[in-house]
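Here's a quick tour of a protein fold, written for someone who likes to check things against the coordinates.

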Amino acid sequence: MTDEKRSSTPDANKKVGIYLCYCGGNISDHVDVEAVRERVASLPGVAVARTNMFMCSDPGQELIMEDLKSGTVDRVVVASCAPSLHEATFRSAIERAGENPFIYEHANIREQVSWVHHGDLATEKATRLVAAAAAKAQQLKPLQPIQVNATQHATVIGGGVAGLRTAIDIAQRGFPVSLIERSPFLGGQVSRLDRIAPTQEKATDLLDALVGQVLAHPSITVLTCAQVDGFGGYIGNFRLSVRQTPPTDAETIERLKRIDDEKIDTTRTIPFIGMLPASPPAKPSTISLETGMIVLATGFTPYTPRHGEYGFGESPHVITLPQLIEKMADQPAGRNCLEIDGRRIRSMVMIHCVGSRQIPGIHPEDESGHLNEYCSRTCCTATLATANRIRETCPGTQVFDMYRDIRTYGRGQEAVYEAAARSGVVFARFEADDAPAVNRNDATGDYPLTVSVTDGLTFGETIGVPADLVVLATGMEPPV
Ligand SMILES: Cc1cc2nc3c(=O)[nH]c(=O)nc-3n(C[C@H](O)[C@H](O)[C@H](O)COP(=O)(O)OP(=O)(O)OC[C@H]3O[C@@H](n4cnc5c(N)ncnc54)[C@H](O)[C@@H]3O)c2cc1C
Ligand code: SF4
């Protein structure tokens, strides 16, 4: 027998006690708790299986303690609510019975079963979870907590707003911090914005303040053009190898050249580029770091629509929200209509959930067979805030907003939605499997595009919206 097989075999010498909770009906309304008890009671290594209305109550805990004290059981499984609620309760009961608290295994049959499944399948899943916990319990060994001295140093990976803020917070608590950013610039995706919703603060002001604090703090070391290329150690004591290399991608080289050629002030955040805290290295080098804690703040990359997705790449009149934000930033004041690339935008359609909330069978997968099934959580507010700005500054531009759901997460963001409704943005709601169709008009037409949508807000009426510009509210993807 291999070691692997031996370690997963139930230990006939162990006496596992299984304690199943009804949770006052929260569990037992959907899981046949008595049936689970009967099924697991005869599993190898199980000494007793008991049920209780509230296992976390004093009488429930007493059941466990009595079985431990009498020697009936020497391993404990409680099947109840999420471990975050009561794992500590049951470990403490075991300690009070004079036993080691690590002879305990938890099965969550409430949040993971009765709250999400019903009928026979719920009982079946609960049985399997409890059986797995009982098998694992037989492998548990009494443990003693140990203390490890941690290296008094933190590493933050990613120089966007999250990484900058984290570096400041840790340094203010008295710990040295290394901030590792792979590009030459600090600020991350916020440096690609103009104004920040919901406060309307200028992105450059926000970043000037944050980066200013980072650069001025004596305990923070900033490493740009840097990436971790080696990792070792363990909790509290990690070793990192950090490689700094001259930039190689064309966009970054172009930006650096522009800064040089135009002698742009690098003591402040450069709009749509970020803050350049130091010249990029002329040649590669490697730095070794001993660190006690690593924070990953590597952020996201905006989703790039597929060629032809809502006409993207096929029509110059279809752009993404980040592109619109950058193009709007040089908008001369006092225009009745928004002007993009020298064209008056009389009518603009914004389409939500592009590259987010993708559904198997409805949306095509990418080349690696992947779908972005999550909500990106920032694009609704960013779209509505941009629509509001256009309606405030260019009232001659009509804005149509086509959404699946409006999800304005976060404090103050619902107000952005309300303001859009008041400012005359026209909303249409579409189903995921019946997305708007962007059609190109022939050159003689008054508008280059027509967007048709079947609108759930007008009882399924199909409408065609003439548009000078279509803007895609693209979501987030993990950075590559
Ligand atoms: C179009 C649009 C509009 C938005 N508008 C708003 C708004 O109005 N208000 C608002 O609050 N939010 C807005 N957001 C959201 C906001 O941009 C994000 O919440 C914010 O950028 C997240 O910051 P971050 O530091 O987590 O990530 P990022 O900004 O993505 O920064 C991550 C940093 O990590 C670096 N990095 C990545 N990988 C590595 C690596 N391996 N090693 C080292 N460094 C690495 C990157 O280069 C980058 O500098 C908007 C987003 C979009 C797309
Ligand atoms: S935030 Fe809005 S637009 Fe973005 S993915 Fe979620 S629902 Fe869609």
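## The overall layout

First things first: this is a predicted model.

## The four-stranded sheet

One open sheet has four strands, ordered S9-S6-S5-S13, and the pairing is parallel. At its edges sit strand S9 (220-223) and strand S13 (293-296), each of which pairs on one side only. On average, neighbouring strands here are turned by 15 degrees against each other, ignoring direction.

Helix H7 (residues 161-172) packs on this sheet and touches S5, strand S6 (177-180), S9 and S13. The direction of H7 makes about 175 degrees with that of S6. Back in the sheet, strand S5 (residues 154-157) pairs with S13 in the parallel sense, over four bridges.

## The five-stranded sheet

The other open sheet to look at has five strands in the order S15-S24-S18-S19-S20, again with parallel pairing. Here the edge strands are strand S15 (318-320) and strand S20 (426-429), each pairing on one side only. From one strand to the next, the twist averages 25 degrees.

Three bridges hold the parallel pairing of S15 with strand S24 (residues 469-474). Within that pair, Thr-320 has Leu-472 in S24 as its bridge partner. Helix H10 (residues 321-328) lies across S15, strand S18 (347-354) and S24. Relative to S15, H10 runs at about 90 degrees.

## Helix pair H2 and H6

Now for the helix packing. H2 and helix H6 (residues 119-137) have axes 9 Å apart and pack at an angle of about 40 degrees. That angle makes H2 oblique to H6. The crossing of these two helices is right-handed.

On the H2 side, the contact uses Ala-35, Val-36, Arg-39 and Val-40. They meet Thr-123, Glu-124, Ala-126, Thr-127, Val-130 and Ala-131 in H6. By class, the residues in this contact come out as six nonpolar, two polar and two charged.

## Helix pair H7 and H8

H7, the helix that packs on the four-stranded sheet, also has a helix partner in H8 (residues 203-216), with the two axes coming within 9 Å. They cross at roughly 40 degrees, so H7 and H8 are oblique to each other. The handedness of this crossing is left-handed.

Which residues in H7 meet H8? They are Val-161, Leu-164, Arg-165, Ile-168 and Gln-172. Across from them in H8 are Leu-206, Leu-207, Leu-210, Val-211, Gln-213 and Val-214. The contact divides into eight nonpolar residues, two polar and one charged.

## Helix pair H11 and H12

Helix H11 (residues 379-393) and helix H12 (residues 414-422) have axes that come within 9 Å and cross at roughly 40 degrees. These helices are therefore oblique to each other as well. H11 and H12 make a left-handed crossing.

Here Thr-381, Leu-384, Ala-385 and Asn-388 in H11 meet Val-416, Tyr-417, Ala-419 and Ala-420 in H12. The tally for this contact is six nonpolar, two polar and no charged residues.

## Two backbone spots to check

Most residues other than glycine have a negative phi, and most peptide bonds are trans. Two places in this model go the other way. Ala-197 and Pro-198 are joined by a cis peptide bond, with omega at about 0 degrees. Pro-198 lies in the loop between strand S7 (195-196) and strand S8 (201-202).

The other spot is Cys-23, where phi is near 50 degrees, a positive value in a residue other than glycine. You'll find Cys-23 in the loop between strand S1 (16-21) and helix H2 (33-41).

Definitions and conventions: Residues are numbered from 1 along each chain as its sequence is written. Chains are lettered from A and ligands numbered from 1 in the order in which they are written. This is a predicted model: local features need pLDDT of at least 70, side-chain atom pairs count only at pLDDT 80 or more; totals for chains, interfaces and linings use all residues. Side-chain values use heavy atoms; hydrogens and water are left out. Two strands pair if DSSP finds at least two bridges between them. Axes are lines fitted to C-alpha atoms, for helices over the stretch in contact, and angles run from 0 to 180 degrees between N-to-C directions. Contact means heavy atoms within 4.5 Å. Angles under 35 degrees count as roughly parallel, over 145 as roughly antiparallel, 65 to 115 as roughly perpendicular and the rest as oblique. A crossing is left-handed if the near helix is turned anticlockwise from the far one by less than a right angle, and right-handed if clockwise. Ala, Val, Leu, Ile, Met, Phe, Trp, Tyr, Cys and Pro count as nonpolar, Asp, Glu, Lys and Arg as charged, and the others, Gly among them, as polar.
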